[in-house]
Amino acid sequence: MQKLRPFRVVPHLPPRLNALKYVAYNLYFTWNHDAIRLFHRIDPDRWDQCQHNPVLFLGMISQKQLNEILTDEGFLSQMDRVEYEFKRYMEVTHRYEHNLEQPTDFQVAYFSFEYGLSEALPLYSGGLGILAGEHLKSSSDLCVPLFGIGLLYQMGYFQQYLNSDGWQQLQYKQNDFYNMPILPLHDAGGERLGIELKLGNEPVKALLWKIQVGRVDLYVLDANINENPPEIRNLTSMLYGGDLEMRVRQEILLGIGGARAIQALGRTPAVYHMNEGHSAFAALERIRQIILQHGVSFAEAWEAVAASNVFTTHTPVPAGNDMFPQHLMERYFQGYAEELGIPFPQLMGLGRQNPDDSNEPFCMTVLALKLSNYTNAVSRLHGSVSRKMWQNVWKGTPEIDVPIQHITNGVHIPSWISHEMGSLYQRYLGPKWTEDPDNERVWERIDRIPDSELWRTHERRRERLVAFTRQRLRQQLINRGASRREIDLASEVLNPEALTIGFARRFATYKRGNLILRNPDRLSAILNHSERPVQIIFAGKAHPKDNPGKEIIRQIIHLNRRPDFRHSVVFLEDYDMNVARYLVQGVDIWLNNPRRPLEACGTSGMKVTPNGGLNFSILDGWWVEGYNGENGWSIGAGEEYTDYNYQDDIESEAIYSLLEGEIVPLFYERGRDKLPRGWIHKMKLAMKSLLSRFNTHRMVEDYMEQFYVHAAQAWDALSADGMAQSVALTAWREKVEKAWGQVKILQVDYEQNGDYPIGSAIDITVDLNLGPLEPSDVMVDVYYGPTNPMGELTEHDVSPLKFQAEISPGVCRFRGGIFCDKTGSFSFTIRVMPFHSLLNQPLSMHLTLWG
């Protein structure tokens with residue numbers, strides 16, 4: 001073939017319409033209803049056909065249409081308003097300063113394997129990506145100095161369709177980056193900006209692109225370039241595609257390549273935030289760069305890196321964490337370990353709970369936990385599950401003290417709320433619902449909205465959902481080769497006035513998409529009630545290798561073919577952000593029934609609340625924190641089972657009973673004005689109790705105030721003067737580790753009178769042999785709390801003991817006490833740990849003395 005010379009054709013708009021292009025290349029439009037309506041106004045059908053991709057859309061507008069809108073004064077006025085608001089938003093220059101002593105003056109690099117920003121950029125598969133995208137959106141709104149790092153997938157995640165038997169099929173669509181809201185990056189000389197690395201002995205080049213998310217930049221790496229051989233170009237082909245070796249290669253590109261991209265961009269973040277373990281190799285590369293720049297050792301660089309890394313774990317089961325066998329790690333990291341200045345077995349130990357177990361695979365989550373002093377789970381219950389699951393990383397540490405906190409996920413409300421409901425909020429709540437959504441006082445104003453307006457607004461969205469479902473179902477049946485009769489029946493499915501239940505999520509077996517189908521005849525009676533009909537809309541994808549998940553989808557399709565389910569049960573294929581918006585904006589009930597405690601958080605249910613939907617869920621993930629007995633319904637009371645068949649019987653029975661006895665009657669209980677006042681009251685209770693807490697503004701503020709600020713301060717302190725403090729801290733650590741074997745608790749004295757009156761204090765004195773260590777090298781605490789009948793602590797407090805004197809050479813006395821402010825049976829012990837003013841995670845030393 002003759003040599004092909006590439007060139008690019010871009011939309012050409014008359015100067016008067018340049019604002020359209022300006023807005024199109026920033027994903028700010030995805031959460032600005034005026035901007036969306038602007039594109040929709042030009043050509044509604046084509047806007048939908050383009051998957052709401054404004055760059056592709058503008059390239060398809062005919063000259064005739066351009067001429068028409070140039071003479072449409074109403075359109076031009078609307079465009080000018082959108083441009084003005086967009087520029088005003090982008091020109092805000094102040095840094096985040098909420099609850100801080102001074103505004104932030106540092107940057108955060110946020111790594112994620114996927115980003116769900118818009119259906120126009122299919123770089124996501126599900127919840128992890130949506131959460132990452134909304135982390136960026138709220139960071140933009142809040143002026144958090146953060147930027148993202150990810151991969152640019154040529155085909156993204158698979159598109160789903162079902163065959164005639166209802167079995168999930170996969171197809172992949174090539175992404176045309178030049179017709180998407182994404183920009184190629186160039187260096188000062190005009191050449192494409194990129195990075196280089198090695199996969200074992202294979203050289204890899206990747207180019208950088210930029211996605212603008214409001215005020216936040218997302219940089220993505222693209223290995224599908226001519227300079228790379230086919231097997232390298234495939235690195236950024238599919239999200240979650242390929243085998244285990246493909247996964248480790250992709251994660252090297254994300255982590256090591258991402259850290260090198262930061263260097264190439266000239267950005268100097270103080271904090272690295274790794275969203276899930278996929279990007280944990282970034283921490284190793286950050287260490288390598290510091291070693292090269294400052295000539296320090298691995299241990300000295302590790303101090304500064306771990307102190308300024310943040311890691312979020314999303315997975316509540318060990319099998320869900322990426323693990324690689326030693327032979328794969330040897331292939332790709334034998335030489336890299338030499339660059340780090342450590343033996344390969346030491347590198348392997350960083351990814352093992354037991355570094356000395358050569359049979360244990362290398363776990364990306366363990367690597368991230370060991371290289372991050374700030375770690376969190378994504379809900380309160382998930383925090384408890386994670387501390388138990390990863391306790392051995394901090395062997396000997398009580399489960400409750402394992403340093404994994406929780407920051408509960410949230411949703412970016414403007415990205416999911418319907419235009420109609422948003423307008424209602426604007427009228428009665430004012431602009432604060434978008435600007436300050438975590439302010440409880442904002443949502444207390446919900447009661448100002450007349451019941452009739454709230455209900456009519458929600459009803460319109462249910463009608464839109466039914467119309468969308470019928471249209472999409474019709475197309476699904478055509479694609480599947482269904483009969484003309486089946487296709488015609490698609491226009492009759494669902495009832496726009498019936499109670500509508502939504503179930504949409506990844507079809508993993510633990511999420512139990514078929515639980516409500518366990519007793520089909522009883523379900524049929526509920527759905528087909530002559531006066532109180534109910535209907536269910538399902539959507540979701542099973543992982544390509546999850547055949548049991550695919551079987552659940554198949555069961556739904558086959559059930560739908562029964563005459564008594566044909567009009568009331570629908571499965572929507574190819575679940576994406578667009579389908580999700582229609583569902584969360586239109587359903588009355590959001591059903592969620594995972595096996596507790598396997599739902600780390602689950603944010604889909606959070607999206608229905610601002611749209612007037614109610615949650616009906618197992619007490620798992622976020623719903624444990626959200627449910628207050630009045631703002632929705634719980635399935636069970638938080639029980640956990642070992643007999644799954646018995647569990648499914650009990651919890652499916654609970655679903656049917658609540659539908660029959662509470663939910664359906666409340667929905668259809670109407671007054672003379674035809675309004676379901678009791679249901680609307682519950683809608684308002686849910687809005688008032690949930691919206692201020694379960695949003696990404698609150699979540700990002702938690703990350704900023706609990707993690708980012710402290711991690712940045714640690715980085716500044718440890719990296720100053722050529723890493724001088726990091727070097728000093730490493731030397732101190734080595735001194736303490738060498739001397740710790742000599743530290744002994746010699747005596748514990750306190751008044752042992754049996755019973756202590758409430759309000760009294762117990763005076764405690766502890767004598768320690770510190771050997772060559774100084775009193776300032778240790779932290780001595782009374783570790784105490786109430787005990788159960790087995791004599792075990794059920795919770796604990798810590799009371800520090802202060803150094804009093806050196807009573808003999810190497811022996812020091814510490815004194816303090818416990819204040820008795822509660823009655824009951826209590827116990828205490830003494831805990832001694834290393835202490836240094838710059839050591840922000842003493843448990844990382846694995847040196848704790850009890851006595």
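This is a predicted model: local features need pLDDT of at least 70, side-chain atom pairs count only at pLDDT 80 or more; totals for chains, interfaces and linings use all residues.
**Exercise 1: two helices**

Find helix H9 (residues 244-265) and helix H10 (residues 281-294), and work out how their axes cross and which residues meet.

*Solution.* Let's begin with the geometry. Two packed helices are described by the angle between their axes and the distance between the axes. Here the axes of H9 and H10 come within 8 Å and cross at roughly 40°. Angles under 35 degrees would count as roughly parallel and 65 to 115 as roughly perpendicular, so H9 is oblique to H10. As for handedness, the crossing of H9 with H10 is right-handed.

Next, look at the side of each helix that takes part. H9 brings Val 248, Glu 251, Ile 252, Gly 255, Ile 256, Ala 259, Arg 260 and Gln 263 to the contact. From H10 come Phe 281, Ala 282, Glu 285, Arg 288 and Gln 289.

**Exercise 2: a strand and its partners**

Go to strand E25 (residues 778-786): how many of its residues are buried, and in which sense does E25 pair with E29 and with E26?

*Solution.* Start with burial: seven of the nine residues of E25 are buried, which leaves the strand mostly covered.

Now take the partners one at a time. With strand E29 (residues 826-834), E25 pairs in the antiparallel sense over nine bridges. To place this pairing by eye, find Asp 781, which stands opposite Arg 831 in E29. With strand E26 (residues 797-800), E25 also pairs in the antiparallel sense, over four bridges. Here a handy landmark is Tyr 784, whose bridge partner in E26 is Asp 797.

Note on methods
Residues are numbered from 1 along each chain as its sequence is written. Side-chain values use heavy atoms; hydrogens and water are left out. Axes are lines fitted to C-alpha atoms, for helices over the stretch in contact, and angles run from 0 to 180 degrees between N-to-C directions. Angles under 35 degrees count as roughly parallel, over 145 as roughly antiparallel, 65 to 115 as roughly perpendicular and the rest as oblique. A crossing is left-handed if the near helix is turned anticlockwise from the far one by less than a right angle, and right-handed if clockwise. Contact means heavy atoms within 4.5 Å. Buried means under 20% relative accessible area, exposed over 50%, partly exposed in between (1.4 Å probe, protein chains only). Two strands pair if DSSP finds at least two bridges between them.
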